[in-house]
Amino acid sequence: MSVLPPHIRNASHEDAPEIAELQKQLGYDSTAEEVGERIASVQRSSTDMVLVATSAEHVIGCISLHVMPLFHAAGFLGRVTSLVVDAGCRGQGIGKALMESANEWFVTNGCVKVEVTSGDQRESAHQFYESLGFSRDGQRFSKKISLVVATASLDV
């Protein structure tokens, strides 16, 4: 039996519970309400997008996309900050279909470079991205900040 390609579409508020469950598979514990708020925020933005892959009325994959202006070069940077495919559906081309849709959106939005973030422990994800033509490019450093400290410094 052949696998049907997933249907890719914009995420909607109704998708929030299933997206929250998918995110848990990556170790991110967000509630459906929190995911719903994030979807609403993205829907108001022209530089952010969340796409879902569906099959038989269920969300089986999700990708979050962001466009940022480059300062040091002409054009924009496209960034994938989250990609997840349901564990029971992996290896069927769903992640690739989501990445192809993302690439189309990035090109439409003037991106000249695309980057994806992926935790050091996700070796299979790294192999997947490399199979799509991505390569390691420098190092990314991050630091968590307290919202209380960040808000307090803005009150000056």
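## Exposure of Q43

Q43 counts as exposed because its relative accessibility is 52%, where exposed means over 50% relative accessible area, buried under 20% and partly exposed in between, with a 1.4 Å probe and protein chains only. Q43 is found in helix α2; helices (H or I, at least four residues) and strands (E, at least two) are DSSP runs, numbered from the N terminus.

The model is predicted: local features need pLDDT of at least 70 and side-chain atom pairs count only at pLDDT 80 or more, while totals for chains, interfaces and linings use all residues. Residues are numbered from 1 along each chain as its sequence is written, and side-chain values use heavy atoms, with hydrogens and water left out.

## Strand pairing and hairpins

β2 and β3 pair in the antiparallel sense over 8 bridges; two strands pair if DSSP finds at least two bridges between them. D48 has H66 in β3 as its bridge partner. The hairpin of β2 and β3 has 2 residues between the strands. Both A56 and E57 are placed in the loop between these strands. Most residues other than glycine have a negative phi. A56, however, has a positive phi near 50°, and E57, also not a glycine, has a positive phi of about 70°. A56 counts as exposed because its relative accessibility is 65%, and E57 is exposed as well, with a relative accessible area of 76%.

β3 also pairs with β4, in the antiparallel sense and over 9 bridges. V67 has G78 in β4 as its bridge partner. The hairpin of β3 and β4 has 6 residues between the strands, and G75 in its turn has a positive phi of about 100°.

## The parallel pair and its crossover

β4 and β5 run parallel and are joined by 5 bridges. G78 stands opposite V114 in β5. The chain passes from β4 through α3 to β5 in a right-handed β-α-β crossover; right-handed means that, with the strands pointing away from the viewer, the path from the first strand over the helix to the second runs clockwise.

## Aromatic residues

The structure holds 3 aromatic pairs. Rings of Phe, Tyr and Trp (its six-membered ring) pair if their centres lie within 6.5 Å; planes under 30 degrees apart count as stacked, over 60 as edge-to-face and the rest as tilted. The pair of W105 and F106 is tilted because the planes stand at 55°, with the ring centres 5.8 Å apart. W105 counts as buried because its relative accessibility is 14%, and F106 counts as buried because its value is 1%.

F106 lies in helix α3. The C-alpha atoms of F106 and V67 are separated by 7.3 Å, although the two residues are 39 apart along the chain. Elsewhere, F128, Y129 and F134 form one aromatic cluster.

The largest pocket holds about 1000 Å³ of space. A pocket is an open set of points on a 1 Å grid over the protein atoms alone, with protein on both sides within 12 Å along at least five of seven lines, and lining residues have an atom within 4 Å of a point. Grid points are joined across faces, edges and corners, and a volume is the space filled by probe spheres set on the points. Of the 40 lining residues, Q23, L26, S82, L83 and V84 are the closest to the centre of the largest pocket. The elements that each supply at least two residues of this lining include α1 (16-25), α2 (32-43) and α4 (123-131). β4 provides the largest share, 6 residues. The lining divides into 18 nonpolar, 17 polar and 5 charged residues; Ala, Val, Leu, Ile, Met, Phe, Trp, Tyr, Cys and Pro count as nonpolar, Asp, Glu, Lys and Arg as charged, and the others, Gly among them, as polar.

The second largest pocket holds about 900 Å³ of space. Its lining has 29 residues, and V116, T117, S135, R136 and D137 lie nearest the centre. α3, β5 (111-116) and α4 each supply at least two lining residues, and α3 gives the most, with 6. By class, the lining of the second largest pocket has 9 nonpolar, 10 polar and 10 charged residues.

Methods:
1 Å grid on protein atoms, 1.4 Å probe; cavity = no way out; pocket = protein on both sides within 12 Å on 5 of 7 lines; lining within 4 Å.
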